[in-house]
Amino acid sequence: MRNTPLLQARDLVRRYGMRRGLLGRSVDITAVAGVSLTLERGRTLGLVGESGCGKSTTGRMVLGLETPDAGSVEFEGRIMPPPGTAAWRAMRARMQMVFQDPLGALDRRMNVAAQIAEPLEIHGIGDAAARAARVEALLRNVGLRPDQALRYPHELSGGQRQRVVMARALATEPALLVCDEPISALDVSIQAQVMNLLVELQAEHGMAVLFISHDLRAVRQVSERVAVMYLGTIVEEGTPDALLHDAQHPYTRALVSAIPHPGRGGNRIVLQGDPPNPAARPSGCPFHPRCPVAVARCSTEAPSLRDHPDGRRVACHLAEPAAIAKAA
Amino acid sequence: MSDLAIAAPVAAPAKARLHIPPGVAIGLGWILLMLAVAFLADIISPYGYTALDLRNRLSPPIGFGGVWAHPLGTDELGRDVLSRLIHSIRMSLLIAFGATIIGAAFGTTMGFLAAHFRGLVEQAVLALVDFSAALPFLILALAVLAFFGNSLWLFIVLLGFHAWERYARIARGLAISAGAQGYAAAVRQLGARPLRVYARHILPNIASTLIISMTLAFPEVILLESGLSFLGLGVQPPATSLGNMVGYGREYLTRAPWILLAPAFTIILTTLAISIVGDWLRDKLDPTLR
């Protein structure tokens, strides 16, 4: 049990049917096309990519909120039960989610304390007094005052609401926390506070975190490993430093160069072509129509995610240092 | 965050709870009076509602040449209008409350079932909703009453099905949007059973809309009951209801208008009071509007 990773997802695929027009044929959209993830206990994996690349869908499948069309999710060595079953519900106490929009994720007719106590009630943890004490501890834990317990969500600020969502997620001491764009809906000044809080909470509670974001800098701040997604596949995975300073995949390099740096101008890589459309996946490497270094092989053969000696994984035919140098 | 901002929300709810606008206070008072009348009908009515006083037939109310023995006058058989009004209020409130609650409970349940299961169940519920909305209710009522005879409970249940499709539509639509909006999905994600999600989260969140719908349906039920009683399909004599009184008072409209006007004014005031109070209640039930 100790040796198995906390979470192991293998070759997850998720397709959605979409009908074009009133009488049009149903078109399959592949939101996630074969994603494999491994997350160890207490570690953090960042998942970055532009919107529509399937990172949220991956997060939902990892949590068991959606059933993958192919592939499997194992949590603590057990296969994820189908959503809605008793086994699935019991598993919720071990894995929790922090949402992008905290106001939407909270019931506006319930005060904060009742909402934080809700997972404890659902999973039958403790009696009324123990729950009240736990709620107070959690509130202090996330930096809210005890007198804010009786407030309603609309009476709190955006950052405070996200703290409430975090307190609720941590109530059952989960082993896995999936944060789906937890800071995108917040002010920039609040973002840093919430990020710091997340790091503190992880140090204290020791849960593993899957941090989904489109902001590479935010991901770097919290993650031990980062996976970059493009059009439903992971194109590169490695430590944040390796990705930021020595990106191997052309898409990662473009993403890194898009991070604003004071004093550095001019050498941004601007990608050509259209943003990716999951309804019309290109043949071969999904990135080849926009890739500045694509070769003929890229349009016919999809590269697999290969392990590199330095511990990272890259899905690119040209990802050997010599090949990249030659192409560039 | 200053101390001022902390103090304000603590003080506000106590003040808000005490403050009832005068219109609402009158409405509440009227509803309470009606309820008291309904519950105490046997005690406060001066005569039995079938008791005849043949010497005082068609006696006008006090102020129009009537006698103190019959403050609101008597009808063509010498029955005391006040006593009949009191018993009618009891009967009509029973029917209207019963039917409204049955309709709301049934419709909301069907709406939640459709929203929860989707697929075939939803299609079936929506087909029933369309069927119910398309069929003139009077024809349905005539058919049911003709086949099953007329009993009070059957009548109440029948009227309950008058507006169920409205609640079903509202409940289904709001439950689906609540699931997509996040809070319901978030609670489900916490491991809550569907019953908890619907009863503790979705129902309180959509209750304001349902209550408004009920306050709109309540007067409709009273009027429908009046209409059916007027046609002779509703409450059967010698039992009496507000609509029944209006229906039979019609024949004496020119000679003895008080027989018809007393129940008519009661219907108007009660439905108005319930609309006003329902509107106020909707605001009170929503903590975000405080």
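I begin with strand S10 of chain A, residues 233–238, which is mostly covered, with 6 of its 6 residues buried. Buried here means 20 or more other C-beta atoms within 10 Å of the residue's own, against 12 or fewer for exposed and partly exposed in between, with C-beta atoms placed from the backbone. Strands are DSSP runs of E with at least two residues, helices are runs of H or I with at least four, and both are numbered from the N terminus.

Before going on, the ground rules. This is a predicted model, in which local features need pLDDT of at least 70, side-chain atom pairs count only at pLDDT 80 or more, and totals for chains, interfaces and linings use all residues. Residues are numbered from 1 along each chain as its sequence is written, while chains are lettered from A and ligands numbered from 1 in the order in which they are written.

Back to S10(A). Which strands pair with S10(A)? Strand S9 of chain A, residues 225–230, pairs with S10(A) in the antiparallel sense over 5 bridges. Strand S12 of chain A, residues 313–314, also runs antiparallel to S10(A), joined by 2 bridges. Pairing requires that DSSP finds at least two bridges between the strands. Glu236(A) in S10(A) stands opposite Val228(A), and Glu236(A) also stands opposite Val314(A) in S12(A). The hairpin of S9(A) and S10(A) has 2 residues between the strands, and Leu231(A) takes a positive phi near 50° there.

There is also an open sheet of 4 strands in chain A, in the order S2-S1-S4-S5, with antiparallel pairing. S2(A), residues 26–39, and S5(A), residues 78–79, are at the edges with a single partner strand each, so one side of each has no neighbour in the sheet. Strand S4 of chain A, residues 70–75, pairs with S5(A) over 2 bridges in the antiparallel sense. In that pairing, Glu74(A) stands opposite Ile79(A) in S5(A).

Now chain A as a whole. It has 11 helices and 12 strands. What radius of gyration would a compact globule of 328 residues have? The value would be near 20 Å, and chain A has 21 Å, which agrees. That radius is taken over C-alpha atoms, and the globule rule is 2.2 Å times the number of residues to the power 0.38. Along its principal axes, the C-alpha trace of chain A spans about 65 × 50 × 50 Å. Of the 328 residues in chain A, 43% are buried. For contacts in chain A with a separation of 6 or more, 65% are between residues 24 or more positions apart. A contact is a pair of residues whose C-beta atoms, placed from the backbone, lie within 7 Å.

Chain B next. It has 12 helices and 0 strands. Its C-alpha atoms fill a box of roughly 75 × 55 × 30 Å, taken along the principal axes. Buried residues are 38% of the 290 in chain B. Among its contacts between residues at least 6 apart in sequence, 69% join residues at least 24 apart.

Is helix H11 of chain B, residues 242–249, enclosed or exposed? All told, 8 of its 8 residues are buried, so H11(B) is largely enclosed by the rest of the structure. Among the buried residues are Leu242(B), Asn244(B) and Tyr248(B). The cover over H11(B) includes H4, H10 and helix H12 (258–285) of chain B.

An unreviewed UniProt entry lists "transmembrane region" for residues 26–49, 93–117, 137–164, 202–224 and 258–281 of chain B. UniProt positions follow the numbering used here, feature names are shortened, and annotations may be inferred rather than shown by experiment. In the model, residues 26–49 of chain B are 75% helix and 0% strand, with end C-alpha atoms 28 Å apart. Residues 137–164 of chain B are 79% helix and 0% strand, with end C-alpha atoms 12 Å apart.

Last, how the chains meet. The contact takes 23 residues from chain A and 18 from chain B. On the chain B side, helices H1 (3–18), H9 (183–189) and H10 (194–230) each give two or more residues.

Note on methods:
Contact = placed C-beta atoms within 7 Å.
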